[in-house]
Amino acid sequence: MVGTVYLAPGPGSDPFVTVGSRVEEGQTLFIIEAMKVMNMIKAPQSGTVKHIFVKDAQPVEYGDPVVVID
């Protein structure tokens, strides 16, 4: 396991993005916690979130798909 993905900034908070959200390049999409370090994962491009493959607090590995931005 590389880390744990968090879709919101904190428990009970709204998610950073949802399907259908318009995002700008550099906008925070989610957080991956790895070895007690919180890594903010930013959008690599502007577009619309088409699909989110993970659930909140799910473990993720290198290469796992997490989101589609079109």
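Two strands count as paired here if DSSP finds at least two bridges between them. Keep that in mind for this tour of a predicted model.

**The sheet.** Begin by selecting strands β4, β3, β1 and β6. These 4 strands form an open sheet in the order β4-β3-β1-β6, with antiparallel pairing. The edges are held by β4 and β6 (58–60), and each has a single partner strand, so one side of each lacks a neighbour in the sheet. Looking across the sheet, neighbouring strands are turned by 35° against each other on average, direction ignored.

**Strand β3.** Next, select residues 28–34, which make up strand β3. Are they buried or exposed? Here 7 of the 7 residues are buried, so the strand is largely enclosed by the rest of the structure. Buried means under 20% relative accessible area.

Two places to look at are Y6, whose bridge partner in β3 is I31, and T4, which stands opposite E33 in β3.

**From β3 to β4.** A34 stands opposite V37 in β4. Then move to the turn of the hairpin, where 2 residues lie between the strands and M35 takes a positive phi near 55°.

**The nonpolar core.** Show side chains and select V5, V23, L29, F30, V54 and V60. They are the residues with the most contacts inside the largest nonpolar core, which has 13 residues. The element that gives the most to this core is β3, with 3 residues. In soluble globular proteins, nonpolar side chains tend to be buried together.

**Last stop: V54.** Centre the view on V54. Which residues is V54 in contact with, leaving aside its neighbours within four places in sequence? They are V5, L7, V60, P65 and V66. Of these, V5 and V60 were already selected with V54 in the core.

Conventions: Residues numbered from 1 in each chain as written. Predicted model: local features only at pLDDT ≥ 70, side-chain atom pairs only at ≥ 80, totals over all residues. Heavy atoms only, no water. Buried < 20%, exposed > 50% of the residue type's maximum accessible area, 1.4 Å probe, protein only. Core = buried A, V, L, I, M, F, W, Y, C linked by side-chain atoms within 4.5 Å. Contact = heavy atoms within 4.5 Å. Axes fitted to C-alpha atoms, helices over the stretch in contact; angles between N-to-C directions.
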